[in-house]
Amino acid sequence: MTNQGHSSTHHHGAFKGLVIRLYSLGLLIAVTWISYCAFAFLFRSVFSPKLTPDRFTNRPLQLDLATLDGNDPSRMIDDGDTAPLDHYHGVGELSFGRFQTGCLTSGCHTILPHETDKATRALANFHVTFLDCAMCHRNALTKEEGIGWKNVSSGEPQSTPALLLLVSQFQGEELPEGGDKMIELVREAIEAAPPNPVLPHLLLQLETSEPASPMHRHALARLRAVLPSMAKGDYGAIIAPKNNTGYSTNELEPLIEAYFSPKDGGANRRAIQDKIHKNVLVKPRACQQCHDAEPTRIDFAALGYPENRIGPLQNNAIANMVQQIRDGKTFHLPNVLESPTDE
Amino acid sequence: MNGKTYQRWIAVCAMAWALGIQAVARAADPENCLMCHRYQGLGRIDENGESVRLFHVDPMYYDRELGPHARLKCTDCHPRDQVAVIPHQSVTPVDCTNACHLVTPNRPPQQFAHDSIADMLKHSAHTPEVLKKSNELLGSPLREGQSTCLLCHDEPTFRRDKKRFAFEDASTSRCDVCHGERLPQDTPFAFKHVVSRSHPARTHEQLARSCALCHSNSAVRREFEMPDTVASYLASFHGKAMLLGDEETAGCLDCHVGELQNVHTMKPHDAVASSANEGKLPDTCRSDACHPAAGALVTAAAVHMEITPSRYETASSDDRSDSSGGVAATTTSPKQSIWSIEFMIAGMFVVLIMCTFGPSAVLQLLELLQLVLGRHNLRHFEYIDLNNRIKQNPDGTQKLSRFSIHQRVQHWILAICFTALVLTGFPIKFAGDPWAKWLIETLGGLTMARRIHRYSGLILVVGAVYHILYVLYCLIQDKRRRNVSWMRAVLDLPLVVTPADVKELLHLLGFLFFLRKTRPAPGRFGLKEKFEYFGVFWGCTLLGMTGILMWGNSWTSHYVSGRMLTVSNLIHTLEAYLAILHVFVFHMIGVMLSPHVFPLHKAMFTGETPAAEMADAHAGMLKQAASDLAISDGESK
């Protein structure tokens, strides 16, 4: 028993000694590192000319895809910075990275994927932020197949985006009542929308005021004033077919990997490309299928679009205009402002 | 209205309805361009496959009138005959000097143009030629024909902070208290326009980033033979304050654009008319907004701090003729000598730090190495036993007490002030690091941090003076009690370095380098502690003096020189760096992290030193106590 006690004490002492030695080793390494860093900093700060920190110099000079997708922190444009030099209009809220879904994540297509048709490429590109590629480019897609909203973050189907619902609620002459449901919608819109100081501020006002109080009404009035400017295609969700008749992601990923693989390059690449695009229409269907008085593919009302937006979207004039452009014709805006006497 | 005109208007109205104008047309967007341009993805990749042409225009800018251009029609800037065709044909880049039509409610449109700005630029440092050349040197980010205004400007906004929406209508909505809602429609816009002109639209940091575009670009600097002025600004006290979020400090424009001037008339600093010119600088520095109480000598303070002048790469004459090859030479900026007072002071401090912190760090590492190897003083356990036996004596604890309560209180005042000084001063040295800004913001901003720093320093200096008086009092008491000479009394002060300390140091080095098996047996204070004590005196004196000179910068600039502020700043920062290194690497490990004392040395709480430390570092004191208490110390055996 005594021997066991001695042995235990001995083991305890040895363990404690080991801990102290390891701890001391840690301290030794720390002191060495700190001393090295201290001297390095001292020499650098005294004997090397000062350089302007990267964050002052690493600004994007031209607007490019890397800046636009907003995923590279070194290329982020802070609020208050000038835009890249070659771009005049503000770019504060741009973040295209979150729209990289489906084909845009493959590495083949960029976030501005339409490049070939000079006349319509910009017009086609602006659909990227709210329309799945399949809507125009998938073969054998019918209205009956079902169309709905797909969350850009999760890829899961979702109901009408909160921002559109908010816009719908403020269409009438009278201000809506506000209250908890309205607050919840604003909160959802904030989560879905890109960073913007306006909605959080109004949410705070709504949350901290009694419904029907002057402050609540004031916040609602301001909400009504700003909502139309916010409905610009960035709802945190895109319109997509409900049934995925093309490849699933699991099927597509190996094909994409094979396409980019050096060993499968060359002769196989074309075959892989064809396989990937087996259901894809290179030249999409006519614009009138969506933008028509009676669209054959999209039911804007069912998608939750506000009534006053549905009219322009289903306007024959617009569809005809775009179709004319696609057909290689030009379209002239009316000379609205200049009176005939100006000429 | 004739028949043709009538028909034409009917056609226009019909088309306008067709395009949905009736629902969404804006005052500034009568052509309804935002019907398409509101969408963020309206853009394309350029023919070069890299740059992007984005045609999105934020409708909020126009709907909420966020900037002075919010009331302009698109066709005021973009030629109407080019954009009226959809798809738009090649559109001529916007010429900012073109006249546009300012539309004010209830008034006829007014012609407005920026051509006067273009005239101003012709006589400024940033002439059209300079801007054009700069664009080339930056790699021509601006396309052919684009206005060089874009090098500094983009879509102008009234305010650029995140809270702008919260305050957008705050001021004018107060008018409703009396005016009801009968204010003229354009009052909020006019108010925002005027207010935005009363303060910079951008923060100092955002401005510095704009300036850095060219002034920190090596190609531009080489061409115009400029030092990296943004880097040297960021290293100065103004730049550091700016990096820490202080908007009260001087930014680029505060010095380079004089009162009643504007940025477009900015002259090179060597031009007589420049506000940064030697002749005008006293007035610029002493303007009402900056240092109105300063003396004219304040101009000698380094607003662009360069201990070692910045350099730019310059091609040799041969290379200039043949740009395809050759090695670029590196040259210091003109008119700058490396052998400045600042450089020499900094150099001296480097030597000082190497000669003081260097040996301390080596000593600390060797001490830690002994612990790693588990190597002890041969008499370590013998001394521990002696320590325990002394403590068993009723007077033992008193004999082994190394600090009186009075001394401990002085130490804690010193420790608290030092901590406060480090927390508020160290972030200024590392102002560019995110943690520094966070810490300063946590402390309540730079103004509060400075206040804490200054008053902590003041308490420290007062404490140091008090300690000197305390030592003098002890000295006089000791002299009277022992009836010895002044010299003897001074030499017998416990923290005065004596020849015996040098001998002990050599003994210690012998042990640490494995040449001896025993450690020396210092008394109440070893050489390391005496060295630290001397460091505190030296540091308090130097930091206190330079700190007071900087605190009273107006006085200094009147009676000494602005350059003294730079020198003081340099000495202050380097001495503080030395002090911090010493305290953290040497003192803190000794009193907190060392395995003998972990987690905290009790000596400064109870006056009692741990047995292991007494055995290793104060064996002489143990022997003295044993002798006084007639306890055998074992050496007689």
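Colleague: Why is α22(B) called oblique to α29(B)?

Modeller: Helix α22 (residues 405-429) of chain B packs against helix α29 (residues 562-593) of chain B at about 125°, with axes 11 Å apart. Angles under 35 degrees count as roughly parallel, over 145 as roughly antiparallel, 65 to 115 as roughly perpendicular and the rest as oblique. So α22(B) is oblique to α29(B).

Colleague: What kind of model is this, and how are parts numbered?

Modeller: This is a predicted model; local features need pLDDT of at least 70, side-chain atom pairs count only at pLDDT 80 or more, and totals for chains, interfaces and linings use all residues. Residues are numbered from 1 along each chain as its sequence is written, chains are lettered from A and ligands numbered from 1 in written order, and side-chain values use heavy atoms, without hydrogens and water.

Colleague: Which residues of α22(B) meet α29(B)?

Modeller: Among them are B:H411, B:F418 and B:K429. Contact means heavy atoms within 4.5 Å.

Colleague: What makes α8(A) roughly antiparallel to α9(A)?

Modeller: Helix α8 (residues 198-207) of chain A and helix α9 (residues 214-230) of chain A pack at about 160°, with axes 9 Å apart. That angle therefore makes α8(A) roughly antiparallel to α9(A).

Colleague: Which residues of α8(A) meet α9(A)?

Modeller: They include A:V198, A:L199 and A:L202. A:M215, A:L220 and A:M230 are among their partners in α9(A).

Colleague: How many residues of chain A are there, and what share is buried?

Modeller: Chain A has 343 residues, and 44% are buried (under 20% relative accessible area, with a 1.4 Å probe and protein chains only).

Conventions
Axes are lines fitted to C-alpha atoms, for helices over the stretch in contact, and angles run from 0 to 180 degrees between N-to-C directions. Helices (H or I, at least four residues) and strands (E, at least two) are DSSP runs, numbered from the N terminus. Buried means under 20% relative accessible area, exposed over 50%, partly exposed in between (1.4 Å probe, protein chains only).
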